[in-house]
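Subject: Structure handover

Hello,

Here is the structure I said I would pass on. Please open it and read the notes below alongside it.

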Amino acid sequence: MVPGCRVQFRSLLSRRACVHGLTAGALALLSACSGVSELFNATTPSSQQPPPPSGGTAPQAGSEVGAGGVRVALILPLSAGGNAGTVALSMKNAAEMALTEFNSPNVRLLVKDDAGNSSGAQQAAQQALSEGAEIILGPLFAHSVGTVGAVARQRGVPVIAFSTDATVAARGVYLLSFLPESDVDRIVEYSIATGKRSFAAMLSDGAYGNVVEAEFKQVVSRKGGRIVASERYQFDASRMQVPAKIVAQAARGADSVFIPEGPEVVPSVVQALTAAGLDTRRVQLLGTGLWDDPRIFNDSSLQGGLYAAPDGTGFRNFVARYRTRYGQDPVRTATLAYDAVALVAALVKTQGPQRFSDQSLTNPSGFAGIDGLFRFRRDGTNERGLAVLKVTPSGGQVVAPPPRAFGNSGI
């Protein structure tokens, strides 16, 4: 417990935050006080990042937000072409909103543009450090995270990045993103806890499928389940038939079939499995946060399927506040920038000179943000407290709420 921390807590809530309920920043502080697919072939909450832009766009000049004494860098691909620049602007807006919803945080945000490329990221990091940044938030793309991490490590400055590629995480380079590993762990653990013991899986070829397959096998084994079939497929209906037939036959002895893909693919996979003889009324269909999409909810073949994702209440409230402020909806990943800035502001308020130490950032009690509980592991990856939801025509229905606290010390 930080001395006087609970006394300070109420002073951090702005009048606006009180109207809308606790903001992520306030919740992050509360947690601290109590002891606290961009490269994947998917485009929804677990990996909703645009493809890295090509070309050599020169970064734009930086800007500053806030007048506090603690300098915090925010590196985003603001001048990158296509969807990347749109995502970056939305995340920048969310970061600024986090500052305004805190009550006078002692933070000065140094906003830097990396143009979506490694050289721009290196330049942005060097500039930020020369201006006194004590911590770096961003960048977005995996190929830039390593570059920024190397620059920051030389100065002993931590990085909280937004890539979904866990291979770029490291001690001192933490990922505040929706990692597919968390989704897999949650849905498998829930299934086994509710009596499921045998699993079949249809997994896509590619980087995302590799990550999900490795975690799926690990968690099923760790929890005492068994995998009766696990087949990879390519995004081609004709090439999906053979693996679907293998899985459908093996799944006659399975409780559940795991299909960790997005709405562009899952209906076709289920159709192939059904054509191969799978009775979807007998087995439980399982997915990840990629299922949290209206196209999934509107598909009759997926009704009753279960998936792991953040409880959407926090995000819906965030969207309403963002829309009021900026006149448009944010991208899904905007909450990452908001939570990063809110967390930094909370640590500045409560942790003194140790605010950005490894010990503070990897607090095993974690923090509470817009998308629920999260905590950083020492290896730079994160763990999230996720809900389990059921596919219904009206949207995802929560069947198991997210945890209120993490149950172990973390690693």
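Apart from its neighbours within four places in sequence, S144 is in contact (heavy atoms within 4.5 Å) with D114, N117, S118, A121 and P139. This is a predicted model, in which local features need pLDDT of at least 70 and side-chain atom pairs count only at pLDDT 80 or more, while totals for chains, interfaces and linings use all residues. Residues are numbered from 1 along each chain as its sequence is written, and side-chain values use heavy atoms, with hydrogens and water left out.

S144 sits in helix α6. Helices (H or I, at least four residues) and strands (E, at least two) are DSSP runs, numbered from the N terminus. S144 counts as buried because its relative accessibility is 1%. Buried means under 20% relative accessible area, exposed over 50%, and partly exposed in between (1.4 Å probe, protein chains only).

One of the contacts of S144 is P139, which lies in the loop between β4 (135–137) and α6. The peptide bond that joins G138 and P139 is cis, with omega about 0 degrees. Another loop, between β3 (107–113) and α5, holds A115. A115 has a phi near 60 degrees, a positive value in a residue other than glycine. With 5% relative accessibility, A115 counts as buried.

How do helix α5 and helix α6 pack? Helix α5 (residues 118–130) and helix α6 (residues 142–154) have axes 8 Å apart and an angle of about 30 degrees. That makes α5 roughly parallel to α6. Axes are lines fitted to C-alpha atoms, for helices over the stretch in contact, and angles run from 0 to 180 degrees between N-to-C directions. Angles under 35 degrees count as roughly parallel, over 145 as roughly antiparallel, 65 to 115 as roughly perpendicular and the rest as oblique. On the α5 side, the residues that meet α6 include S118, A121 and Q122; on the α6 side, H143, S144 and T147 are among them.

Now the sheet. Seven strands form an open sheet with mixed pairing, in the order β8-β7-β9-β10-β11-β15-β16. Two strands pair if DSSP finds at least two bridges between them. The edge strands, β8 (226–233) and β16 (395–400), each pair on one side only. On average, neighbouring strands of this sheet are turned by 30 degrees against each other, direction ignored.

Within that sheet, look at strand β10 (residues 284–287). Q284 and L286 point one way from β10, L285 and G287 point the other way, and all are buried. Strand β9 (residues 256–258) runs parallel to β10 and is joined to β10 by three bridges, with S256 opposite Q284. Strand β11 (residues 306–309) also runs parallel to β10, and two bridges join them. In β11, L306 is the bridge partner of L286, and Y307 stands opposite G287.

Which helix lies across β7, β9, β10, β11, β15 and β16? That helix is α7, which runs at about 135 degrees to β11. P180 is in helix α7 (residues 180–193) and counts as buried because its relative accessibility is 1%. The C-alpha atoms of P180 and V212 are 6.6 Å from each other, although the two residues are 32 residues apart along the chain.

Regards
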